[in-house]
Amino acid sequence: MKILIIDRDQMFSNLLASKMRAAGHDVFESSIKNDAIDQIDEKKIDAVYFDPSPMTDPRPILLQIRRLVHSYPYMALLSQETEMMAAIAAGCHGALRKPLDPAALTASLESATRMVDLMHRIGDESYDFPSGGGVISKSAFNQLFRSAFDRVGRYGETSQILFISIPNYEDIKLDDGKYAADYAVSKLAQNLVRLRRQSDILGQTGVNEYALLLQRPQNESESLEAARRFSAALDELEDITSNGVTDLHIDINLVNIPTGLLEFHHHHHIQAQGKRNAG
C-alpha cells in the first residue's frame, strides 16, 4: 500500500514509518495537515494514519479529506486515548493507539490492506455481473458497499460482508472444463439464495465469488452466527459438483466494515462427484 502518516510528533512518525516500510509498504510523512491532504490525490495514497492533535475531534480533518480528495483512502486514527469504536463512530475506518504496539500495528496493516483491496476490487467498473435469480449485480452491490461506509460516519453503524468463493475455480476449469467450473458457481449461488435471510443482500463480486452484506446487526454475535450457519450448511452440500474429478474448495470469510478486520474464516473441501460415483 501507499501510506501517508500525518503527525506533528516527528519521533513517533519516523518510528511508525520505519515499521511500515519494513512490512513492505511505501510510506510518506507530513507534519502539516493541509500540505498532507494535497498529497493524497497526487501520490494516489491508499491509507492515511493521522493524529488530529492539537484538536481532539478527528471529524474536521475527515470531512476536509472527503471534500477535497477524489479517492477514498482508508483512514486510521492515531491517538493515545481513543478506542476503536469511538474512532469508528467519528467516521474513521480504524484506530492505532500510541505508544506503538508492534502486534497492533501488524493487525492494523492487515485490516487496512484487506479493506483497500476490497474497495479497489469491488469498485472496479471495468467488468460487471448481471442481476438475476436473487443476486444483484457487482455494480449495484458496490453502491451498497460504499453506503455502508457512510452509515458508519453518520450513525455509527458497522456492517459485515460474508464472502463465499471457490478459490480453485481455474483448476476445475482446466481439469474438468468450463461447464464444470460454472456449474459449481451456479449451484453455489442457488444455495446462497436459499440460505440467506430476506434482509441480507447477495451480490456477485467475482466470477467465482459472492458477497452477502449483513446490515445493522442486532448484536455483536449476529453476523458471526450467520457465518457459522452458512458454513455448516455448505458442509452438507452434495449436489454442487458435476461429474468431474477435481475436488471443490469453498472459502468463507467474514469481513468487518469499515475496519477490514477478518472476523471469521473457514475452508471447505468437497469431494468431486466423479470420485464419489467411482467409489
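A salt bridge is defined here as a side-chain nitrogen of Lys or Arg within 4 Å of a carboxyl oxygen of Asp or Glu. The structure is a predicted model, in which local features need pLDDT of at least 70 and side-chain atom pairs count only at pLDDT 80 or more, while totals for chains, interfaces and linings use all residues. Residues are numbered from 1 along each chain as its sequence is written, and side-chain values use heavy atoms, with hydrogens and water left out.

By this rule, 11 salt bridges are counted. One of them joins the side chains of K173 and E170, with an N to O distance of 3.5 Å. Both residues lie in helix α7, three residues apart, about one turn of the helix (helices are DSSP runs of H or I, at least four residues, and strands are runs of E, at least two, numbered from the N terminus). K173 is partly exposed, with a relative accessible area of 30%, and E170 is likewise partly exposed, at 47% (buried means under 20% relative accessible area, exposed over 50%, and partly exposed in between, with a 1.4 Å probe and protein chains only).

In a further salt bridge, the closest N and O atoms of D182 and K178 are 2.5 Å apart. These two residues are separated by about one helical turn because they stand four residues apart in helix α8.

R197 and E222 also form a salt bridge, at 2.8 Å from N to O. This pair links distant parts of the chain, 25 residues apart: R197 lies in the loop between α8 and β7, and E222 in helix α9. R197 is partly exposed at 29%, whereas E222, at 17%, counts as buried.
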